[in-house]
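My notes follow the display.

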Amino acid sequence: MPHFTSPQSQESCEVSKPRSEMADAAVHTGHGQEAVDNDVDMIGTNGEEKKGVKLDDLFADINDEEWPTETQNESKPESPLSPIGNTNEISSSDPGLMRMFYQRLFPFRYLFQWLNHSPTPTNDFGHREFALTIHDNTDNEIYLRYQSYPTADLIRKDIIAKLPSRFEIGPVYTTNPRDRKTLRNQSSFKPLAKELCFDIDLTDYDGIRTCCDKANICIKCWQFITMAIKVVDTALRDDFGFKHIMWVYSGRRGAHAWVCDKKARVMDDQKRRAIAGYLEVIRGGSQSGKKVNLWRPLHPHLSRSLDILAPHFQSDVLETQDPWASSDRAEHLLSLLPDKALNESLRKKWDSSPGRASTSKWADIDALAKSGASKGLDARALLEAKQDIVLEYTYPRLDIEVSKKLNHLLKSPFVVHPGTGRVCVPIDTDKLEEFDPTNVPTVQELLREIDSWKSGDEPASNAGGKTPADWEKTSLKPYVEYFRSFVLALMRDERDPKIKREREEAEGLGF
Amino acid sequence: MLRQDFNRPEIKRRALADHRKKQFADPTYQATEYHHRLNFYATPPTADITLEQFEQWAIDRLRGRLSFRRSRFLPPLTDLQVLAELEACSFRNKSLDETASHMKPLLEKYLLLQSNTSSSSRLFDERQKDHYSHFILRLAFASTEDLRRRFSRVETMLFHLRLNEESSRERDAFIKDINLDCEQVTEDERNKYRDELAAVTGFRKGPEEETWIKVDWERVPDLVESRRVFMRAGKAYVPSKEQSSMVVAEFTKRLDRALELTARALPRLDEDDRLTPILDHLSKNFITPDASYTSSTSSVAGADISARNIDTLSAHFPLCMQNLHRSLRRDAHLKHFGRLQYTLFLKGIGLNLEECLIFWRSAFHKITDDTFNKEYRYNVRHSYGDVGGDSNRRGGGYSPFSCQKILTEHPPGPGEAHGCPYRHFSLENLTALLQGVGITDRSVLNGVKEDKESQKFHMACNRCDPYSCYIVPLLLICGNRVFEHVHKNEIKKAKEESIMTSAQLETIVHPNEYFKRSYLLKNLGKVNGDDIKMEDS
């Protein structure tokens, strides 16, 4: 089993490694920063390239012993075949599979940089809680809370040793979570900061989606997530002024948002609740009837959201989902309309032509209203009811508890969903419409891709002649690259201006 | 390397030396002027007042519910005074308007503050008293976190009441004076966001008539939450009518900070025996009329509280718990919040953990031992503080829910049986349930119906929060109406024989209190009267 060789045994064959690894990293950084520069207009692009190199210099020494598997193939140009022939048939939380995934594919370094906000280890990472879901011999789930790690290589080591089926990220605490019991004053152990998170789950759309239910999804109902991301992302950026927002596919049927701006991370629960309340529109359980009750005039956030959502309502809801095809579902639509007389004539019309499409039914409302089916029709009330219906069928349904609490744990990006085997990859919001959850790579596919990779496969991006890391050989590559550029942009914004100045001065002196 | 010298430790030391000197420096007195009726209490008072004034002013601001048995200077006070009454209002969940009308006579009597327009000659004295009494109480209530929190809450409320009373012109002038550090929205910007701003204020007025200010949204989270401000790039645009809530938030913030500073300075208050006893006395008399529950007082002596006896005991349970019990017996299952509410109640009546586990295990008779152990046992043990984090274990788990909590938190969703039947049931279902537990008296049922219907009015007037807490008192009355009916004979007897004081027969605000009283009343003959009296003391 060549993949499971211990790091010690590999060290012997790593003599020639460091230089090429450094070059490799430097080029990466250059990439990332270019991408970001287009994105976020940063000051002083001068010497960015150089700084990128410096940034990675700090890592060069760590790299040496830290990522043995990434370079393993250097000494063995022919990648060994996966020990398990057909990876598709193995459970996605199989320990062997997980070990390979964590060793060869999981981007621990970027995860570290993302949470640490600096290349050198700080308390932002060291005091951060991780919670691991592991399995004991009898396959009972054990949930290990309050794990923490000082550096990227230590978390990597521990994850590979424990092989959790997934792990979650919690807040940064006042002290190291592992030391919480040694404190004299227990109440001084408090959560300090965590990204503002959002969770959208398609099960919450079961009342309005017709294509799937429960844990199943398809590209049709994924559109609900697409529109939700658009609305929430726009509001967070335009209204609240947040810049570093990462959306992550949750591995099965939803998406998570991580708002990583410093301002967002240090918010207390009251402020989190305020944002959650600002965004929340759909209220009430399955028995409460009309779920959208808004005051007029609509708040600017809501009228803007309505503008975003209206085209989706036409195509992705009315045409694709056909939500009012059956008569009992059509009855729900009628219950949301205000005018009794109009409802009567609509009901008559729809009963006489069973199977009438939702698009036509939606058009019928206005057509009949114009034809004067109801004498005392209040046109404004009807319009407002129609707006409410559009929102009820399109507006994001957030699992609000996740956002409200500073100390809520949320699954880390890039872990494997135990049920589907899919990797929780970040979603590039610039290419939001192209994202298809059914095309997200599974851990089994990825490991097969490493095996079938040939060095000549991607000549363009590897012009330097160095050997790519394992994740670069797979379809995980664009996702890790997106993550990296996100992390770099975040780190650049976080960098202490004082340090930056010193560094510039040092460079000026030819340091 | 030279730059390192700028890390100047000497300069720091010099600053420290200065600081020490400052303590002994002569205080610079400045004559305080009160331009506004309202006061942010930024500068401490410096003039001399007599010891009598010191105490009387503080007491006027505070109060003594239990007659202020004090001191050398003053006759006993029996009236309720300002802050304590305010706190009582908040415990009774009165709305701000209700509180305002309730407080008006009291404020006029003890803390009259007239507006600038009133041309009264006593303006200065009134404001001085307000100013000084505030600072005296700061000293009295800075010592512990709990006192600080309560003090800051009631002072904020008082400030809020006064701010609302203020005429808009004086309010604007005051807001301008306190220097909120916010930006006026310029004409250009107002035109740019014309439509958006109009949408926030509603149709009635154009945005031109409002004065808008722009602040970091973090300073007005409550306005953001209910979408009453326009948001752009992290700034909240606040219309003038909402600015008061901002001022109030700022008031609280500054007061909290000042209180903490006071607390730190207190040990250095090198005071003789004149002020300290008064301050101690003041803080001790700020007693909470809170409906907090303590386990020592709620369990009932002499009752057989065990798993197999719950069915019998359930006759004494309040309606919410009876409903849970009936659902449990019917379905052999309860959902999470139902289990939580019921477990904690059972814990509160004195059922121990072992018995409680037996109770749940036998109640969930449709599931296997394995499922029970895997999915339910932990939660029950967690509620008792048997497992979980340190604080949970040390604190003995959660407290049983009060009526307030049941009424306002976690409204039941589909398939859930927890909550308060008076609040969360439709009238038909409520009536059916009441009849099911044997309440058939028409007048009682009608009373319940009226109580329940009148809540709707309150609901409608509350725009932002459908789970308003204003309805709590009504529903409590509702529950108490049933209690009084069920126990009317015993209550009469208890009163006649003066076994229980009238305080013990006050409104019930906790399900465990309901059980305790119900059990005691129904067992008046059996349980030793001494026990009851002991619990009273």
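I began with helix α6 (residues 108–116) and helix α8 (residues 152–162) of chain A, whose axes lie 9 Å apart at an angle of about 125°. The model is predicted, so I read these as computed values. Angles over 145 degrees would count as roughly antiparallel, and 65 to 115 as roughly perpendicular. α6(A) and α8(A) are therefore oblique to each other. Their crossing is right-handed. I looked up the contact next: α6(A) gives Phe108(A), Arg109(A) and Phe112(A), and α8(A) gives Ala152(A), Ile155(A) and Arg156(A). By class I noted four nonpolar residues, two charged and no polar.

I then turned to chain B. Helix α6 (residues 145–165) and helix α11 (residues 243–265) of chain B have axes that come within 9 Å and cross at roughly 150°. The crossing of α6(B) and α11(B) is right-handed. Residues in the contact include Phe151(B), Phe159(B) and Leu163(B) from α6(B), with Val248(B), Phe251(B) and Leu255(B) among those from α11(B). The class tally for this contact is nine nonpolar, six polar and three charged.

Last, I checked a sheet in chain A. Its four strands run in the order β5-β7-β6-β9, open and antiparallel. β5 (196–201) and β9 (426–427) of chain A each have a single partner strand, so one side of each has no neighbour in the sheet. Inside, β6 (residues 245–249) and β7 (residues 254–259) of chain A pair over five bridges. I located one bridge: Trp247(A) partners Ala257(A) in β7(A). Helix α9 (residues 219–239) of chain A packs on the sheet and touches β5, β6 and β7 of chain A. The direction of α9 makes about 10° with that of β7(A).

How values were computed. Residues are numbered from 1 along each chain as its sequence is written. Chains are lettered from A and ligands numbered from 1 in the order in which they are written. This is a predicted model: local features need pLDDT of at least 70, side-chain atom pairs count only at pLDDT 80 or more; totals for chains, interfaces and linings use all residues. Two strands pair if DSSP finds at least two bridges between them. Helices (H or I, at least four residues) and strands (E, at least two) are DSSP runs, numbered from the N terminus. Two residues are in contact if their C-beta atoms, placed from the backbone, lie within 7 Å. Axes are lines fitted to C-alpha atoms, for helices over the stretch in contact, and angles run from 0 to 180 degrees between N-to-C directions. A crossing is left-handed if the near helix is turned anticlockwise from the far one by less than a right angle, and right-handed if clockwise. Ala, Val, Leu, Ile, Met, Phe, Trp, Tyr, Cys and Pro count as nonpolar, Asp, Glu, Lys and Arg as charged, and the others, Gly among them, as polar. Angles under 35 degrees count as roughly parallel, over 145 as roughly antiparallel, 65 to 115 as roughly perpendicular and the rest as oblique.
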